Amino acid sequence: MSRTPFLGLICIFAALAGCGKNSGSTGGGSTAVPGELALLITDAPFPHDAIASAHISIDRISIDRGLEQGDTTRIVLHDGAPLGFELTSLRNGAIGEVLRTPVPSGDYFRLFLNFSSVELALEDGRVFRSSDGSLQVPELGPEGFVVPLDTVLRVPEGDWARLLLDIDLTRSFQPLDGAFEDATAFSFQPVIYAVMPGQSAEVRGVVARRDSQGGMHPVDRATIFFLPIGVKDLDQAVASTASDADGGYCQLGLPPGAYRVFAIKGTRQTWLETARISAGNYAAVDLTFD
Amino acid sequence: MSRLHRSALLALVLLLAVSLWLLARQQTNAGAAAEEISLADGGSARTLTESRAAAPLVLPVSESESERSSEGTIEESARIVLTPAQTLAACLAELERAFDANYTPRAFDAQLASVVARHGLARDAAVQAELCARLEAPATDTAGVVRLLALARGAQLSGARGALALVSARQRAWSAAEGALDRGAQRQEALRGLAALGGIKEVTRLYQLLAEAPEADEAPLRTALASVRDGSALAQCLERSLQLGEQRKALLIWGAAEESVARETASGDATRVRALQARLRGALTQTMEQRQRVPVLAERALAISHLLDPQQAREQARRWLGDAELSPELRRQAQDALKGGSDVLERLEQALVDPQAGDEARLLAIEGAMHQRMPPALRATVRASLRDLSQQSGAQGRRALHALATLQDPADLELLRSIARDGTDPLARAAARNALNRAESEWKREDL
């Protein structure tokens with residue numbers, strides 16, 4: 001299998017809640033009642049035999065309504081001390097809050113993230129850091145990386161809206177010189193998808209193996225791929241995650257659709273196909289190695 | 001040598017030295033500019049250097065996206081604005097990365113949107129004119145033309161010149177892609193090129209290649225097909241796939257079409273969705289009505305139909321559910337199609353009291369109504385039914401735990417906690433923990 005060991009997604013959640021105080025207009029036809037922004041982070045699924053840790057720090061976060069709306073007024077949500085995230089500690093639906101801050105209500109189309117440092121440590125002891133140049137982070141300008149939102153992030157007056165960012169690690173971390181196993185340097189080229197909680201799908205379940213007496217036992221550290229229906233090539237996976245010690249797994253932020261859920265552990269593999277999972281819904285899929 | 005000659009020689013040397021110094025200085029500046037352009041290639045920076053002071057909460061920026069306003073707290077020591085040609089070059093370089101070995105339509109669309117937004121292509125007339133000029137220029141490089149075409153799509157290139165440029169570029173890209181299909185290293189680019197062009201001719205070619213490909217070569221073809229946007233081309237693929245002898249291959253094509261339709265419907269462009277619906281209606285109806293012949297394709301057809309017209313899909317699903325011999329897979333798909341419909345609760349009530357309905361049918365009906373607001377009495381019945389089902393040790397029991405968690409009743413959550421903590425079945429413990437984890441997350445709680 002040619003797939004690199006970086007598999008799956010991390011998710012950042014943004015929650016906006018109305019706080020009912022009036023502030024000045026921010027243009028773009030928005031209303032004047034501000035809300036509150038909470039950024040949360042979750043779900044950094046890796047195959048755990050290769051990765052010891054993956055740490056990113058973000059020192060600046062901002063949003064705007066985008067060029068299409070003719071309003072590039074940038075709302076700065078955070079600018080200062082780096083906010084650090086250890087991606088491997090947040091898995092399978094666990095969520096950590098990053099920040100909460102007031103924002104004007106209205107519609108937003110783009111989010112900007114500035115990565116101040118990135119560090120990747122492998123189980124074999126190799127460590128790649130942006131600070132010493134062994135992990136290259138592209139120069140992205142003062143506002144950082146722009147994340148176009150697939151659908152509008154609407155912050156209603158006095159109400160909630162949230163945003164899920166999937167950082168696709170498979171594509172975001174790339175070995176610079178040869179294969180993953182031998183690389184002496186990596187580059188971090190963030191590939192980020194933004195979805196709303198009510199507009200994405202979720203798959204969760206348990207991975208187990210059946211013993212010769214028919215008993216069922218949980219399987220930990222199995223890698224689970226979410227493939228389009230009819231597809232067998234794991235390189236075509238939409239997302240992937242890994243089972244926990246008790247065999248449980250959960251994948252958030254999937255585009256609504258039907259999936260072939262494929263689990264692999266060593267030489268064992270198994271799969272099941274889901275019905276179409278519509279936006280805001282989940283499918284419970286248990287996988288068994290016979 | 002006379003004094004006059006010596007003076008003349010000295011003056012000449014001095015002149016030469018000054019010229020060399022000026023030349024060296026010019027080259028240094030050019031180098032700095034080149035460095036700046038390479039920076040812009042990786043992001044949105046267009047200014048040579050910037051120092052940032054503490055930013056206010058609301059920061060005005062100029063319409064050209066990356067030129068920070070000199071007002072407020074931003075200090076700029078120098079600024080170099082990219083020419084349209086340089087902007088286009090930066091966009092193309094970024095798109096080249098998007099066409100890497102890990103290409104998927106979803107990732108490519110995200111990166112294309114990012115590039116177009118970051119460089120302001122949709123609003124920059126000068127860059128659009130440059131894009132037209134590049135599309136009109138002779139080129140045999142498939143990947144290059146395809147990237148230009150992708151940018152044209154992202155930039156919503158329009159007008160008479162834009163339309164003509166697109167037509168001639170498409171023709172050249174088609175020729176180049178066809179020529180590259182048999183050249184191993186360029187085959188991937190050629191396939192993506194055909195998909196990016198996306199017309200009936202190109203997509204029909206992709207379809208033929210996929211229909212004839214050995215299994216090992218299917219993945220890139222399927223990926224290419226999933227990025228097609230043209231409704232007529234997709235409809236033709238689906239109709240032709242019904243004649244394929246190999247069901248697995250047909251399923252691959254339908255899966256790719258579903259992915260493509262899902263992306264289009266998610267874009268929220270109602271006009272495009274209506275056009276897609278009109279084009280695909282025939283193939284979808286035919287396949288759904290012949291569900292006994294090709295159930296797996298009928299399942300996909302209902303899923304695609306649900307994306308395009310949920311009301312029509314619900315009507316079809318109701319007809320399916322009236323069939324006593326409907327397979328569990330089709331029943332599951334039909335229940336899913338009914339989600340959000342007005343009669344979901346009525347059907348749930350029927351399933352709960354029907355002595356003929358098995359556990360699976362009851363569970364499917366409950367899962368189908370999970371996101372509906374239920375009257376208190378029905379909710380209580382559903383909870384009781386789920387608590388019963390959760391006592392089972394198999395997958396149904398674990399699905400019941402997830403459904404119980406979704407209902408968010410404190411007593412049920414307490415039951416889940418006790419199972420997660422003390423349950424004897426390790427898989428039920430895992431399911432209970434997993435379900436609780438999701439139920440208690442701020443993300444999920446607000447959605448239900």
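This is a predicted model: local features need pLDDT of at least 70, side-chain atom pairs count only at pLDDT 80 or more; totals for chains, interfaces and linings use all residues.
Strand S14 (residues 201-210) of chain A runs parallel to strand S22 (residues 287-289) of chain A, and 3 bridges join the two. Within that pairing, A:Arg209 has A:Phe289 of S22(A) as its bridge partner.

**Strand S14 of chain A and its partners**

- Of the 10 residues of S14(A), 8 are buried, so the rest of the structure largely encloses this strand.
- S14(A) also runs parallel to strand S21 (residues 282-284) of chain A, joined by 3 bridges; here A:Arg204 is partnered with A:Ala284.

**The hairpin**

- Strand S15 (residues 216-218) of chain A pairs with S14(A) over 3 bridges in the antiparallel sense, and A:Ala208 has A:Pro218 as its bridge partner.
- The hairpin of S14(A) and S15(A) has 5 residues between its strands, and A:Gly214 takes a positive phi near 90° there.

**A helix pair in chain B**

- Helices H11 (residues 247-266) and H12 (residues 270-289) of chain B pack with their axes 8 Å apart, at an angle of about 150°.
- Angles over 145 degrees count as roughly antiparallel, and that is why H11(B) and H12(B) are described this way.
- H11(B) brings B:Val261, B:Glu264 and B:Thr265 to the contact, while H12(B) brings B:Arg272, B:Val273 and B:Leu276.
- By type, these contact residues are 3 nonpolar, 1 polar and 2 charged.

Definitions and conventions
Residues are numbered from 1 along each chain as its sequence is written. Chains are lettered from A and ligands numbered from 1 in the order in which they are written. Axes are lines fitted to C-alpha atoms, for helices over the stretch in contact, and angles run from 0 to 180 degrees between N-to-C directions. Helices (H or I, at least four residues) and strands (E, at least two) are DSSP runs, numbered from the N terminus. Angles under 35 degrees count as roughly parallel, over 145 as roughly antiparallel, 65 to 115 as roughly perpendicular and the rest as oblique. Two residues are in contact if their C-beta atoms, placed from the backbone, lie within 7 Å. Ala, Val, Leu, Ile, Met, Phe, Trp, Tyr, Cys and Pro count as nonpolar, Asp, Glu, Lys and Arg as charged, and the others, Gly among them, as polar. A residue is buried if 20 or more other C-beta atoms lie within 10 Å of its own, exposed if 12 or fewer, and partly exposed in between; C-beta atoms are placed from the backbone. Two strands pair if DSSP finds at least two bridges between them.
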